[in-house]
Amino acid sequence: MPHPSRRRAQLSQALTYAGLATAGLAAAFPFAWMVLSSFMTRGETLRRVFIPETVQWENYVVAWSEEDFGLYFENSLWIAFLVVGGTLLFSLMTAYPLARMDFRGREPVFIVILATLMVPETVTMVPNFLTVTWLHQVSPIPWLNNWPALTIPFMASAFSIFLLRQFMRGIPLELFEAARIDGAGHLRFLFQIVLPLCRAPLLTVGMFTFIGSWNALGWPLLVTSTPAWRPIAVALQKFVSEAGSEVHLQMSGAVIATIPVLILYGLVQKEFTEGISMSGLKG
Amino acid sequence: MMQKRTWSRLGLALTVLVTGLLPACGGGGGGKRADKAVDLEQLDPTGQNLVFWYQHTRQREEALKEMIARFNADNEYGITVGGEYAGNYGAIYNKMFVALQGGALPDLVVAYQNQALEYWGAGGLADMQAYMTSPRWGLTTAERSDFVAAFMRQDQLASGVQTGMPPNRSIEVLYYNQDWLQELGAAGPPQTWDVFAQLCRAARDQPFSGNENKTRSVGFILDADASRLASMVFSRGGQLMNAEGTRYLLDTPEVSASLALMKTLTKEGAVELMGEADGDQSAFAVGQCLFTLASTSGLSYVQDAVVSGSGFDWHVAPPPRTVADPVVNFYGASISMGRTTPERQLAAWLFLKWFTEPSQQALWVEASNYFPARKSTKDALAGYFAANPRYRQAYDLLEYGKAEPAVAGYEGVRRMIAQTVVRVIQGGEISANLERLQREANATMESD
Amino acid sequence: MAWALMSPALLILGLFGIFPIGYAFYVSLHRWRIKKESIVGFRHYTKAIGDPVWLLTLVIGFGLLLLARPLRSRGNDVVHRLGSLGLLLVGTVAGIVGFVGMSQTGDPRLYNAFKVTLFYAVGTIPFEVVGAMLLAYLLFRILTARGFFRILYFLPYITPMIATAVVFRTIFSPNPGSLANRFWGMFGVADQRWLHESRTIPALVLQGLGAGGYPDWIDTAFPSLALVCIVLYNIWVYIGYDTVILLAGLSAIPPHYFEAAAIDGASQWQQFRHVTLPLISPALFFISLVAVIGTFKAFNHIYIMRTPGAQDSVDVVSVLIFDQIYQYHSAGYASALALILFAAILMLTVVQNRILGRRVFYGD
């Protein structure tokens, strides 16, 4: 005979899972639709059936072999790699002073950094293109049709800086005092203590930066004219045309494009575990 | 207090930065512009490398690339055209937008009329008139009259400036389910709006035999879109804009009658307002809707859908009408020439001239499903006609084409029209709504 | 030292984040269709927000309101009390008069857009944040199939918009067979037009109950049904984003806090309220600030859901700006609108930073 409170706990567990599963269905439905549609014939997508009669694996072959899809995929990986690397480094270096150093103008600088998020892209596009064109002319490496225009403008993001600052401010002050007594300066403290403590937020920032870079379409089209550096989002758009969309191919392309993000998140979410970040430091 | 000082200093620094940088950017770029005084006849287009921005993808892009490669190999001037996919129309507009502020303009660019008008106004396009009429480089009189006049006129400004050249067009036609029409006892597609209305009611009452979901059966699904309304208005002898292109005509009896018919039929359950993207074509494909009004660029799309849907016999016809001759709404983007250097512009023109020759047109329309801009292309299309009977049916309607307004704010007015159509169909009073539409649409003509 | 560390990021943000603001300001002072034409000064601004006299009235009203408190604290006698009350009254009246005057003389589309934006933000943020908090807490606590559920709830954020938009448009389609219509049909609700409906829910309810007519304000004081559908779509998309950030926040909490609380005999709710919530407040602060900025300039997920049937009821400010550039070819006016939006978001953020920022618990 189980203890009544244990039974209650079991019941609440069961209810929790039931709730999670139901809401999970709603969360996964469009994803499932995307995967199912990616296996349909064009006719089936037009008729709006939900499950394909026979699985059309060749959609993936067609989507992948659609001119340069593989190249675009590789480009996207390179671009994302550079953007994520740059963002992590620069955001870390900016978030730390904002969180843990005393200097004049800290609050205004923070607000100014946030201000960069507040203007719609429709009006920042032109000036940013002009800046990149200017840099293209004056810098030793070309920017247009090359990786700098696609990566450098995104290597500093207010989101990442803000998020890291929030986490760094949560790091107990005593740790810093202790490090100071040991003779560590800000830099050593940042890289030896803060960095490992911020594993989870850093991975989070890295992942979101990756997703943002991975999905970007408008700007890459603006600063590239050849496939050499074009990202995968451009390839996906090619399945939409005036002659009518080819939803089945679009969806197989979308599935291919989603896989790296899924894998990445699968790895990152493992970090979201109680206490990992602080273990070994307390006591 | 300290904070305030920091703020004001920051503001000052920002102002200095911005004002310092602006002049540097505003004046930069542009490059050498074409000089009007240059003598076209003496120019040498040899060896130019050109950039061509287009929106085509998939089969169309492949065909275009092949043709460009052939031009590059065969043309006697050693001109090389580099075709570049530049994104969809919106993305191309973006690219032109930034190029006009100080980037490099393309030599050739696909543009809708209202976009071309903006590019021209900003000094970004070359006038093709001189090239077309040039004794050495231009078109002969016979060649010029071979172009469908209405297509060519669409790219002409009142001042005679030619902002672009039509490589192709699409027209808006009535798609109809022939098998269902026969079940309803009709001999052919409706010639008049009265017959159209009767058939819609009949379709509501007697679902198509091939329809698997008999609870839904309508005559027509109305896409609330300005082009659909334009088709209807044209077919009643009306216009959306006056001939001078200075004033919208959206509160006319023709607009009113078109909306009134749709409103009545919707109320009776014989017509449905479209609720999903491409909802008209997918309902047509499964035999739930007897007619749709749509662009010919969707012919292959509907073909695929019907084959996998109810598999009935279907055809296209001009929209029903009250005037004697059929009238069809036509549209399509043209190719414009960026304002670069005289030599490059000439080279770009030579490509365009080649691209619109009947033999190239034939290749292009076969790959793209578009309609050619030159009438004599017909002779080269016999085989294609035989394989695509519906394309053939629509082809004969080209000469009845009429265009929608080509003024700057038309994109915005299109949205106003669509909103008005919905308001009216959902019970709004027609004359009051059209009055408002007319007022708001004309207000866009004088905005800055 | 601080500046040296920040310099790479500040340089990039300055070039690609701050300079565009200045450039937009420069553009907004000109007649600028696709390219610069004549200078027009602040005409675009007065066209947008209305006669500057009313703006001045509004500002003075606010000033008076701000003065009321210091005056009251100066003394507690009748003069001070009455004076501060008077200031409050006059300030409020001036504020209202100023605002009404602005909206009468300004661009009605802008004021409509701000209203829609406000509906959108207010409808999205609380549900998104509370929902994400709940999800994160559950996903952090459960032990079985944790990775599976975490991925499940992140799917909305990473499924490409081309797929999610199609699905949501089908769910909220006016067709009798659509999911939304079939669901509500079970409760006896008549078929609705969902994303194509410009009327508001109260109006539709009144109509459904058989009311012949209803006062006009019901159609202006509430969001349209179409906007509600879009809000749902956006909550659905972004809840995963917020959840992940909160998960990261939860994982930064030292476990001994929970252990200590458990030993003290704290209930689940008490643990949540007194341990989890304060310790996660930095992440919550981030989410709410970013949510305000994000919803006020939201574009993609709204634009893709726009239908003619919704009329102007879902056109938020960023959609209006987009239309000005792409449909009316008026970059000058669009830039002015963008800067007005910028100013509004900036003010909100500064206020939020002041008010919420103080409540965040950083552990020191």
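Modeller: Angles between axes under 35 degrees count as roughly parallel, over 145 as roughly antiparallel, 65 to 115 as roughly perpendicular and the rest as oblique. This is a predicted model, in which local features need pLDDT of at least 70 and side-chain atom pairs count only at pLDDT 80 or more. Residues are numbered from 1 along each chain as its sequence is written.

Colleague: Why are α18(B) and α19(B) called roughly antiparallel?

Modeller: The axes of α18 (residues 410-425) and α19 (residues 430-443) of chain B cross at roughly 170° and come within 10 Å. Axes are lines fitted to C-alpha atoms, for helices over the stretch in contact, and angles run from 0 to 180 degrees between N-to-C directions. The helices are therefore roughly antiparallel, since the class takes angles over 145.

Colleague: What makes up the contact of α18(B) with α19(B), by class?

Modeller: Its residues divide into eight nonpolar, two polar and three charged. Ala, Val, Leu, Ile, Met, Phe, Trp, Tyr, Cys and Pro count as nonpolar, Asp, Glu, Lys and Arg as charged, and the others, Gly among them, as polar. Contact means heavy atoms within 4.5 Å; V413(B) and M416(B) are among the residues that α18(B) brings to it.

Colleague: Why is α5(A) called oblique to α8(A)?

Modeller: Helix α5 (residues 106-115) and helix α8 (residues 158-169) of chain A pack at about 140°, with axes 9 Å apart. That angle makes α5(A) oblique to α8(A).

Colleague: How do you know that the span of α5(C) is close to the expected one?

Modeller: The expected span is 1.5 Å times one less than the number of residues. Helix α5 of chain C, with 34 residues, reaches 49 Å from first C-alpha to last, close to the expected 50 Å.

How values were computed:
Chains lettered and ligands numbered in written order. Heavy atoms only, no water. Helix = DSSP H or I, 4+ residues; strand = E, 2+ residues; numbered from the N terminus.
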